[in-house]
Amino acid sequence: MLFFAGQTMANNNPLIFNVDYLKLLKEPVVTFNNINSLPEDSGVSGAKLAISDSNSTGKFINQKFSLNQFEFNDPSDLLKHVKQQFIVGVFVFVISGDSKVFKALDIWAKDKAVLIFNVSDPTDDMRHNLCLSSVLHTIPSYRMKADALAQWLVAKRLSKVLLIAGQNKADKDIAHAFSLAAQRFRLKIIDKKIWDFNTDLRRSTQQEVPLFTQTSRPYDVVFVADGHKDFAEFIPYNTYLPRPVIGSAGLEALAWHRVIEQWGASQLQSRFTRMAARSMNELDFSAYLAVRTLAQAAQQTGSGKPKDLVTHIHSDAFELAAYKGRKLSYRPWNGQLRMPLALVQPNAFVSQSPQAGMLHPNNELDTLGFDAPEMRCH
């Protein structure tokens, strides 16, 4: 006989925690450059490894974790599924979706002991304006990544930035996040250029990009805002001035990358590679953190009651070990997981933010992303 979390155990049967991984399918984005497309099993593979790791410990404390995967074409079907599963005892949902999905789920979940994890959507609106009290974000926001890169620029004394942004919503959101980061860390955006090429530049990059990046004032660095990596990879080494490129190409701020090896990360990388036959990416890691949040809360509280676990995870007492060199926690004002971010180039680890010397009255991790005084919650 199986027991869902919250039910009374008998005959020393293990306490069962069922996790649903839900993916909202989207139309693929057509780009000129498809070398950065994610594997189809991104996300769910990270959740599977987290289930395995959690069961390795759980067998010693009479806890067992299981994962079920579902895919949806319609957001309303995903919401209907969550409601039905909650009725039969499932209260943990790891979701790869968009802000509309999470907004609808948050309205439904207001008075319920339920864990809803956003593992894929980095948009700042959910962390800054919507303030979804029932949603926890394990994927870093655009603002967190922008702040991480801005801190590195301050550390390197590179203050004059040329900003290049695409025209779709993700590009605009990334560019806006960096503009806020530049204000926070007193960087100067000397010019902003909009990428409006609609032709394949693979054969004319060396002619077009230098002209496009020529400005009346010199710059120290180029920040590229390209959410779908459609053009970003054409920018490095082709700018009018030979300057470093950061943002969506060159030096990137990520929660996870295959080159991260410190603090036991190499062992996690090895376990994932053996399981999935590829490297772990940021979406995998975000889903891994979501499942591990549940497992560590269950281990720390010794409880299987949904209300106890939800309360503990949202409290200051919760700590998540995540191969980051320190314990992580969730921000009470917007549900974002605090974490250091790795600054990486395609084949090497470069640095980690928060940078040394970045001070905060409570937690230096809150120098990445929206701090409590910046919130616009209503």
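This is a predicted model: local features need pLDDT of at least 70, side-chain atom pairs count only at pLDDT 80 or more; totals for chains, interfaces and linings use all residues.

Three strands make up an open sheet, and going across it you meet them in the order 11-14-15, with antiparallel pairing. At the edges are strand 11, covering 252–254, and strand 15, covering 348–353, each of which pairs on one side only. From one strand to the next, the twist averages 35°.

Now look at how strand 11 is joined to strand 14. Strand 14 spans residues 341–345, and three bridges link this strand to strand 11, the two running antiparallel. To find your place on screen, pick Glu 252: the residue opposite, in strand 14, is Val 344. In general, strands of a sheet pair through backbone hydrogen bonds, either parallel or antiparallel.

Helix 5, residues 142–155, lies across strand 11, strand 14 and strand 15. The direction of helix 5 makes an angle of about 65° with strand 14.

Follow the chain past the sheet and you come to Asn 363, in the segment after strand 15. Is Asn 363 buried or exposed? Its relative accessibility is 16%, and buried means under 20%, so Asn 363 counts as buried. Setting aside neighbours within four places in sequence, Asn 363 is in contact with Arg 326 and Arg 338.

Helix 9 (residues 282–301) packs with helix 10 (residues 306–313) at an angle of about 105°, their axes being 10 Å apart. The two are therefore roughly perpendicular to each other. Among the residues that make this contact are Leu 294 and Ala 298 of helix 9, and Leu 309 and Ile 313 of helix 10. By type, the contact residues divide into five nonpolar, four polar and no charged.

The other pair is helix 2 (residues 75–87) with helix 3 (residues 99–109), packed at about 30° with axes 10 Å apart. These helices are therefore roughly parallel to each other, and helix 2 passes helix 3 in a right-handed crossing. Their contact includes Leu 79, Lys 83 and Phe 86 of helix 2, together with Leu 105 and Trp 108 of helix 3.

How values were computed:
Residues are numbered from 1 along each chain as its sequence is written. Side-chain values use heavy atoms; hydrogens and water are left out. Two strands pair if DSSP finds at least two bridges between them. Helices (H or I, at least four residues) and strands (E, at least two) are DSSP runs, numbered from the N terminus. Axes are lines fitted to C-alpha atoms, for helices over the stretch in contact, and angles run from 0 to 180 degrees between N-to-C directions. Contact means heavy atoms within 4.5 Å. Angles under 35 degrees count as roughly parallel, over 145 as roughly antiparallel, 65 to 115 as roughly perpendicular and the rest as oblique. Ala, Val, Leu, Ile, Met, Phe, Trp, Tyr, Cys and Pro count as nonpolar, Asp, Glu, Lys and Arg as charged, and the others, Gly among them, as polar. Buried means under 20% relative accessible area, exposed over 50%, partly exposed in between (1.4 Å probe, protein chains only). A crossing is left-handed if the near helix is turned anticlockwise from the far one by less than a right angle, and right-handed if clockwise.
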